[in-house]
Amino acid sequence: MMKPRYIRVIIDRAIHRELDYSVPETLLERVSVGSRVRVPFRDKSALATVVATLEQSEAEGIRPIEAVVGDTPALSEQLLELGNWMSTYYCCPIETVMRSLLPQVIRRGEIGWKKQLFVQPVRKVDNDEVEKLRRRAPRQAELLEAITQLTRPVPAAQLLRTTALDNQTLRALVKRGLAQLSEDAVERDPHADEQFIATTNLELNAEQALALKQLTDALDALERAESARPILLHGVTGSGKTEIYLQAIHATLARGRSAIVLVPEISLTPQTVERFKGRFAEVQDAVAVLHSHLSQGERHDEWHKIHSGRARIVIGARSAVFAPLRNLGLIIIDEEHESTYKQEEAPRYHARDVAVVRAKIEKCAAVLGSATPSLESYYNATIGKYQLATLTQRVDERQMPRMRIVDLRQERRKGKAIAILSDKLRGAIADRLEKREQSILFLNRRGFSTSLLCSNCGEARDCPNCSVALTFHRHVARLSCHLCGHTSTVPKKCPACGKDALIYSGFGTEKVESTAAQIFPKAAVRRMDADSMTRKEAYRETLRSFRAGKIDILVGTQMIAKGLHFPNVTLVGIINADLALHLPDFRAGERTFQLLTQVAGRAGRGETPGEVFVQTYTPFSPSIQFARHHDFAGYFQQELEFRERCDFPPFKHAILITARSAHEERAKFSAETLVRRLKEALGTEFILSEATPAPLEKMQGQFRFHILLRGEAIMRLSRLVRETLDKLPFPEDVTVTVDVDPYQLL
Ligand code: ADP
Ligand code: ZN
């Protein structure tokens with residue numbers, strides 16, 4: 001067979017086209033589709049990914065590649081195909097997609113394996129020799145005894161640690177020819193000091209068994225080269241979804257295949273990892289973990305562990321959907337409704353949707369799990385695009401928590417200025433304190449006061465870069481912007497009119513914490529949000545003391561809403577259920593329903609049933625009422641009708657285009673010009689908005705204008721948008737971004 005002499009590559013630069021190179025004879029064997037290569041580009045060299053091998057090339061001035069990086073191709077053909085799909089679907093250049101497909105540390109190839117010194121014995125040493133040495137150098141003798149017993153090389157540092165001897169002693173032995181040192185690559189294992197207790201499969205209840213069967217049936221269908229629909233696993237919190245994942249992975253490994261488990265970054269806690277590592281503890285290195293706290297070196301090692309085929313299970317956040325596993329059998333997306341699966345920078349992909357497409361390309365099974373499925377996924381299940389598996393009961397048959405709605409309008413009528421803790425909620429907390437049970441207070445807003453206003457002239461302290469108010473943080477005594485991070489000192493007098501008339505209003509978690517501490521001076525109150533959890537260890541520490549019962553009241557943001565198990569929590573207070581409801585976003589109702597249901601799931605996992613207090617100014621809004629009655633079907637039906645009436649997903653796809661610039665006029669003009677061009681290009685099949693100022697008009701010093709497009713044929717719409725954009729020259733200082741299936745409409 002004639003070997004291809006040419007390759008087509010995508011280089012790691014935004015040049016928006018593919019380039020052809022020739023391959024020198026000596027490198028031919030090592031190059032194939034998916035390989036990383038170093039190529040001459042202009043007068044420098046650049047790294048690139050091979051996307052095709054060619055026998056001929058029409059290109060002019062073809063130059064030879066310089067080198068091949070790595071022994072085997074970094075990307076499989078399936079992952080390349082996935083990348084191409086993403087590029088078209090998300091209206092995004094393939095170079096940008098490549099940034100997600102391969103982690104930076106692999107793309108750049110700068111960091112390699114960590115080298116470590118290993119010790120091993122040189123020859124057999126008998127007792128006499130050791131004793132002779134002991135008289136002159138007792139410590140050397142002690143170390144020699146330890147080394148003699150080694151059956152394989154061990155890291156020198158480790159041996160010195162366990163024997164409590166020093167490097168000098170070791171060097172002396174080497175000099176005497178009694179020990180030998182060698183350098184070798186080792187893996188940086190972020191979980192090296194953790195012990196995993198092996199667990200075995202639990203006996204499933206009837207509902208769980210049925211759901212697992214649906215899954216293994218899908219795996220079997222795929223083995224017979226038939227296709228299988230993705231499975232939506234709808235199960236209330238605590239219904240045993242994770243146990244099903246574990247057993248499904250077991251079944252996947254038994255069929256010789258590998259598995260990916262995606263969880264939201266926030267749920268990627270040591271407990272979660274432990275559950276998976278524990279179940280597969282008998283297989284060394286079976287589980288690789290990918291999360292954002294890995295060092296570059298650790299990321300390098302985990303990637304190779306996966307790429308080389310040693311790790312068979314990958315658990316990770318969003319980007320783990322691109323894990324380079326071979327022979328993939330199953331992709332699990334836990335908490336599939338989570339908006340953190342959406343990447344908010346290019347490529348603006350949604351990991352759930354990418355996972356479903358990857359499963360199709362790799363011919364493997366996909367499972368989407370949630371207690372509150374997204375409207376899109378549940379709709380797909382009702383029309384048969386997905387298969388539905390349902391778990392209606394908690395494993396221990398415990399009751400769902402009782403939801404009590406507190407009407408804040410009545411509290412206000414009673415003459416309370418701002419109800420942070422209503423009388424009812426206070427009473428419930430006091431009751432729990434008495435019974436030595438724990439409470440969680442939830443508010444999705446950080447800081448102490450959310451605005452600082454002058455009662456004389458009416459001036460508010462807004463961020464100089466963004467069109468939002470600055471939040472007052474009392475523990476650092478500063479005002480800060482939650483969008484751009486701008487901070488400033490707190491003025492004593494109004495900077496505008498000079499009067500001493502500043503008033504603080506609105507409240508965040510910091511104020512809830514201090515209010516709770518004031519009302520319950522004997523209680524241990526702690527706060528858990530992005531401000532109080534800046535240290536890496538703080539998060540674990542707080543969770544540990546909460547679990548140990550050292551905290552009575554835990555106040556927090558969404559950090560505490562997700563997937564944590566605390567048996568002694570019997571009360572959850574939702575301080576303000578309206579926060580998400582009034583955002584100008586078609587998903588506002590959905591988010592509120594999900595949040596209430598998820599937060600409520602934190603209560604009553606132990607012996608005592610839970611109670612949830614929902615404080616709201618809009619007690620009759622459907623999301624709150626349906627959540628109160630644990631009525632997913634009712635909520636789904638009414639939300640679906642609203643979406644259909646308004647042409648929103650899942651009935652139409654949306655694309656949000658944003659034009660931004662430091663110059664308001666130029667951003668506006670560019671957006672308006674773009675709308676005119678789009679009108680010509682799109683025809684009547686699609687719905688096109690005018691160019692309008694974004695709800696957040698100004699962010700990080702840039703003025704922002706939005707254009708919203710909607711339609712059913714998303715691939716066609718994406719393509720038309722790309723073509724229109726490519727033909728339009730925008731001024732240098734205007735940035736235009738395209739967000740397909742947007743989650744952020746602000
Ligand atoms: P979910 O992921 O739906 O929230 P989990 O899988 O975490 O639920 O299950 C909740 C708890 O019930 C866990 O402690 C788990 O070990 C336990 N559990 C799950 N399935 C079973 C079962 N079949 N028998 C006994 N305990 C179970
Ligand atoms: Zn700002």
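Analyst: A backbone N or O atom of Gly238 lies 2.9 Å from an oxygen atom of ligand 1. Taken alone, ligand 1 exposes 560 Å² (Shrake-Rupley method, 1.4 Å probe), and the protein buries 72% of that. The model is predicted: local features need pLDDT of at least 70 and side-chain atom pairs count only at pLDDT 80 or more, while totals for chains, interfaces and linings use all residues. Residues are numbered from 1 along each chain, ligands from 1 in the order written, and side-chain values use heavy atoms without hydrogens and water.

User: What makes the approach of Gln208 to ligand 1 a polar contact?

Analyst: A polar contact is a pair of N or O atoms within 3.5 Å. A polar side-chain atom of Gln208 lies 2.8 Å from a nitrogen atom of ligand 1, so the pair qualifies. For Glu203, a backbone N or O atom lies 2.7 Å from a nitrogen atom of ligand 1, and this pair therefore qualifies as well.

User: Why is the set that includes Leu219, Phe276, Ala286 and Ala365 called a core?

Analyst: A nonpolar core joins buried (under 20% relative accessible area, 1.4 Å probe, protein chains only) Ala, Val, Leu, Ile, Met, Phe, Trp, Tyr and Cys residues through side-chain atoms within 4.5 Å. The largest such core has 113 residues, with Ile707, Leu709 and Val721 making the most contacts inside it.

Terms used
Polar contact = N/O pair within 3.5 Å; in protein donor to acceptor, adjacent residues only side chain to side chain. Buried < 20%, exposed > 50% of the residue type's maximum accessible area, 1.4 Å probe, protein only.
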